[in-house]
Amino acid sequence: MIENFKRIQATLAKSPHLLRLGRLFSETVLIEVDGDEYYLSFEKGHITQIEQGPSRKTPWRFALRTDAEALGKFWQPRPEPGFHDIFGLVKIGRGRIDGDILCLVKNLRFFKEVLGIARAQEGVYE
């Protein structure tokens, strides 16, 4: 899973469109997959650090919690209904969003497009 996030980090660094969208986003986000925690630290749209948890000392602004199967379906090039969006995961009961929802909504397009980077890459989730 950490390798997938590193691929997203590398692709994001080469995406001027996304970096422009995220230029005001400097937060740490928790992604929890099957109980495993991953902390993505963003600085002005760049992912500067990826840490595997758990950590009670790492503050995060908001969290996306899901299971590996749902995330794998989300990362498919053409995900089925319900797996096409982070709010779709929540709606079908396969995801949960915690923390500062306002921060997420203010940066929703950026965050969703960053997670969607994995869809364009062949063989990312295996």
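Student: Are Phe5 and Trp75 buried or exposed?
Tutor: The model is a predicted one, in which local features need pLDDT of at least 70 and side-chain atom pairs count only at pLDDT 80 or more, while totals for chains, interfaces and linings use all residues. Residues are numbered from 1 along each chain as its sequence is written, and side-chain values use heavy atoms, with hydrogens and water left out. A residue is called buried under 20% relative accessible area, exposed over 50% and partly exposed in between, with a 1.4 Å probe and protein chains only. By that scale, Phe5 and Trp75 are both buried.

Student: Which kind of aromatic pair do Phe25 and Phe62 form?
Tutor: Rings of Phe, Tyr and Trp (its six-membered ring) pair if their centres lie within 6.5 Å, and planes under 30 degrees apart count as stacked, over 60 as edge-to-face and the rest as tilted. For Phe25 and Phe62 the centres are 6.3 Å apart and the planes make an angle of 40°, so by the definition the pair is tilted.

Student: How many residues apart are Phe25 and Phe62?
Tutor: Helices (H or I, at least four residues) and strands (E, at least two) are DSSP runs, numbered from the N terminus. Phe25 sits in the loop between helix H2 (16-21) and strand S1 (28-33), whereas Phe62 belongs to strand S4 (residues 62-66). The pair thus links distant parts of the chain, and the separation is 37 residues.

Student: Which residues do ring pairs link into a cluster?
Tutor: Phe25 and Phe62, both of them buried, belong to this cluster. Its members, linked by ring pairs, are Phe25, Phe42, Phe62, Phe110 and Phe111.

Student: Why does Asp67 count as buried?
Tutor: Asp67 is placed in the loop between S4 and H3. It counts as buried because its relative accessibility is 19%.

Student: Which side chain is joined to that of Asp67 by a polar contact of 2.8 Å?
Tutor: A polar contact is a pair of N or O atoms within 3.5 Å; within protein, one must be able to donate a hydrogen and the other to accept it, and residues adjacent in sequence count only if both atoms are side-chain atoms. The side chain of Asp67 reaches the backbone nitrogen of Ala70 at 2.9 Å. The side chain joined to Asp67 at 2.8 Å is that of Arg94.

Student: What is the distance of the polar contact between the side chains of Asp98 and Arg65?
Tutor: Asp98 lies in strand S5 (residues 95-99). Its side chain makes a polar contact with the side chain of Arg65, at 2.5 Å.
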